[in-house]
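Welcome! Let us take a friendly walk through some side chains and see who sits beside whom. Have the picture ready and follow along.

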Amino acid sequence: MSVTTTTGRPGPLRALRDPRTLRALRFAVLLALVLVFLMPVYVLLVTSFKSLQEADPSTAWSLPRDWSLEGWSAAWESLRPGLENSVKIAVSGSLIAAVLGSLNGYVLSKWRFPGADAVFTLFLFGMFIPYQAVMIPLAGLLTDMELVGTIRGLVLAHVVYGIPICTLIFRNYYVTIPDELIEAARVDGAGMLRTYASIVLPVSGPAFAVTLIWQFTSLWNDFLFAVFLGAPDSWPVTVMLNNTAGSGAVAVQYNQQMASALLASLPTLLVYLLLGRFFMRGLMAGALKG
């Protein structure tokens, strides 16, 4: 049965198979999804630049009549202590977990020992233990160590929970490094740490990018550990943001709340923009082998 019309033009089925038509449809669908995804961001952005009197749900979609920075100023004043704490927790916790995960992955993949597979399996079990299951004993442990309610205690908790996923990422990435390079270094007299520093570490950039993005995002967005193990002096920006959402006894300060949400999300956005091109490269490199 022919799919062409009487005029000789291609029928609808054949037109849909045309590569240019498929590209146009794909572009239209992706554009529609992008617009739907950006709609809340648009509301956040325009509301954050409105004055308190103008910021109202009834005018959420309209542009500000008078652009104002009072929401951003109030958001910065209320979130600044939390932002400082979040930077300390996220940066230090991400770096420590990435370094320890790199060392673990190197030993488990290139400097194997009897029982290495069992140890690696135990590391993987740590990825599936929910936070809530260990929250009470973890709080007791940090209390005994005099670290509860401190930034150091929060960093320690996040590092311990971040080691399993970091070890998995680095172990799968290091499996792709040829064993001949490690053997050549051993023949030349290089020990474990010298081989790691001279051969393995210089090619670990994509894996570090993956783990740093993963850990930084997890630590920056943490709320449970911060509330349960933290104190007002060590609360990160997520707790401060939650407190901001409940502020305003007379009128809801929508402009401050929207500016606070954007301000709290900017660091993770910057991390993805700076290291995002290495993210998929590192994940794919670790998935090709092992």
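Predicted model: local features only at pLDDT ≥ 70, side-chain atom pairs only at ≥ 80, totals over all residues.

Trp67 belongs to one of them, with Phe49 as its partner: the ring centres are 5.6 Å apart, the planes make an angle of 55°, and the pair is tilted. These two residues link distant parts of the chain, 18 residues apart, and each is in the loop between helix 2 and helix 3.

Now turn to Phe216 and Trp220. Is this pair stacked or tilted? The ring centres are 5.6 Å apart and the planes meet at 20°, so the pair is stacked; the reason is that planes under 30 degrees apart count as stacked. Phe216 and Trp220 both belong to helix 9, which covers residues 205-220, and they are four residues apart, about one turn of the helix. Both Phe216 and Trp220 are buried.

Rings can also gather in a group. One aromatic cluster is formed by Phe170, Tyr173, Tyr174 and Phe208.

**Charges that meet**

Next come the salt bridges, and the count of these is four.

| Salt bridge | N to O distance |
|---|---|
| Glu77 and Arg80 | 3.8 Å |
| Asp179 and Lys110 | 2.5 Å |
| Arg112 and Asp117 | 2.7 Å |

Glu77 and Arg80 share helix 3 (residues 70-110), where they are three residues apart, about one turn of the helix. Glu77 has a relative accessibility of 49%, so Glu77 counts as partly exposed. Arg80 is partly exposed too, at 36%.

The salt bridge between Asp179 and Lys110 links distant parts of the chain: Asp179 is in helix 7 (residues 179-187) and Lys110 is in helix 3, 69 residues apart. Which of these two partners is buried, and which is partly exposed? Lys110 is buried, because its relative accessible area is 8% and buried means under 20%. Asp179, with a relative accessible area of 46%, is partly exposed.

**Charges over rings**

A charged end can also sit over an aromatic ring. Arg171 has its charged end over the ring of Phe120, 4.7 Å from the ring centre. In the case of Arg186, the charged end is over the ring of Trp111, and here the distance to the centre is 4.0 Å.

**A closer look at Tyr42**

Where does Tyr42 lie? Its place is in helix 2, and at 31% relative accessibility Tyr42 counts as partly exposed. Leaving aside residues up to four places away in sequence, Tyr42 touches Trp61, Ser62 and Leu63. The side chain of Tyr42 reaches the backbone oxygen of Trp61 at a distance of 2.8 Å. Leu63 is 21 residues from Tyr42 along the chain, and the C-alpha atoms of these two are separated by 9.8 Å.

Conventions. Residues numbered from 1 in each chain as written. Heavy atoms only, no water. Salt bridge = Lys/Arg side-chain N within 4 Å of Asp/Glu carboxyl O. Buried < 20%, exposed > 50% of the residue type's maximum accessible area, 1.4 Å probe, protein only. Phe/Tyr/Trp six-rings, centres within 6.5 Å; stacked < 30°, edge-to-face > 60°. Lys NZ or Arg CZ within 6 Å of the ring centre and 35° of its normal. Contact = heavy atoms within 4.5 Å. Polar contact = N/O pair within 3.5 Å; in protein donor to acceptor, adjacent residues only side chain to side chain.
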